[in-house]
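Me: Hi! I have a model open and would like to talk through its packing with you. Could you help me read it?

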Amino acid sequence: MYTVKEVAEKMDVSEHTLRFWAKSGFFPFVKRDKNNVRMFSDNDLGWVKMVKCLRSVGTENKAIKRYIDLCIMGDSTVKERYDIIHETKVKALKQMEECKKQIDVLEFKEAFYQNLIKNNLKDTWNPMNQTEPVNSAV
């Protein structure tokens, strides 16, 4: 069994976030000890992992709670749970593509600045150094 602090360290989530998720009903089987401290089992860590995954791609708490409720309802909800996971994966893939585009822009700017530094050049794209507008990438 693990305390909130131990789970937070193990799963790389803040204690505050874990407590919020617990109050939101995301960990339906977490027990409390005699001092009313939440104690997570190895099985509960699986719930934490799933919630963290869903939250990391922007799934709303209401949708996460729906997913968890469906899990508790059992096998009759497998199709609906599949749909939630599939839609979440599609959303995550779109986010990843957007991140790749942003990385391309950052890599371009990084190379641009490395060239300026290496060759001791003036940043002609910086609006502060321009006398006329430049029609190029930022």
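This is a predicted model: local features need pLDDT of at least 70, side-chain atom pairs count only at pLDDT 80 or more; totals for chains, interfaces and linings use all residues.

Me: Great. Which residues touch the most other members in the largest nonpolar core?

Reply: Leu18 and Phe27 do, in a core of 22 residues. Such a core is a set of buried Ala, Val, Leu, Ile, Met, Phe, Trp, Tyr and Cys residues joined through side-chain atoms within 4.5 Å. Buried here means under 20% relative accessible area, exposed means over 50%, and partly exposed is in between (1.4 Å probe, protein chains only).

Me: And which helices supply at least two residues each?

Reply: Those are α1 (4-11), α2 (15-23), α3 (42-56) and α4 (61-73). The largest share, five residues, comes from α3. Helices (H or I, at least four residues) and strands (E, at least two) are DSSP runs, numbered from the N terminus.

Me: What is phenylalanine 27 in contact with?

Reply: Leaving aside neighbours within four places in sequence, phenylalanine 27 is in contact with Leu18, Trp21, Ala22, Phe40, Trp47, Val48 and Val51. Contact means heavy atoms within 4.5 Å.

Me: Let's look at α3, then. Which of its residues are buried?

Reply: Asp44, Leu45, Trp47, Val48, Val51 and Leu54. The buried residues of α3 pack against α1, α2, β2 (38-39), α4 and α5.

Me: How far apart are the end C-alpha atoms of α3?

Reply: They are 21 Å apart, which agrees with the 21 Å that its 15 residues should span at 1.5 Å a residue. The expected span is 1.5 Å times one less than the number of residues. Just after α3, glycine 58 takes a positive phi of about 90 degrees.

Me: I also clicked on isoleucine 64. Is that one buried or exposed?

Reply: Isoleucine 64 is buried, with a relative accessible area of 0%, and its place is in helix α4. Leaving aside neighbours within four places in sequence, isoleucine 64 is in contact with Phe26, Val51, Leu54, Arg55 and Thr59.

Me: New topic: how many aromatic pairs are there?

Reply: The count comes to six. Rings of Phe, Tyr and Trp (its six-membered ring) pair if their centres lie within 6.5 Å; planes under 30 degrees apart count as stacked, over 60 as edge-to-face and the rest as tilted. One of the pairs is phenylalanine 112 with tyrosine 113, which is edge-to-face at 5.4 Å centre to centre and 65 degrees between the planes.

Me: Why is the pair of phenylalanine 112 and tryptophan 125 stacked?

Reply: Because the ring centres of phenylalanine 112 and tryptophan 125 are 4.6 Å apart and the planes are at 10 degrees. Phenylalanine 112 lies in helix α5 and tryptophan 125 in the segment after α5, so this pair ties together parts 13 residues apart in sequence. Phenylalanine 112 is buried at 16% relative accessibility, whereas tryptophan 125 is partly exposed at 22%. Ring pairs link Phe108, Phe112, Tyr113 and Trp125 into a cluster.

Me: Last one, on the backbone. Where is aspartate 12?

Reply: Aspartate 12 sits in the loop between α1 and α2. This residue has a positive phi of about 55 degrees although it is not a glycine, and aspartate 12 is exposed, with a relative accessible area of 64%. Asparagine 120, in the segment after α5 (78-119), also has a positive phi, near 50 degrees, and counts as exposed at 71% relative accessibility. Most residues other than glycine have a negative phi.

Note on methods:
Residues are numbered from 1 along each chain as its sequence is written. Side-chain values use heavy atoms; hydrogens and water are left out.
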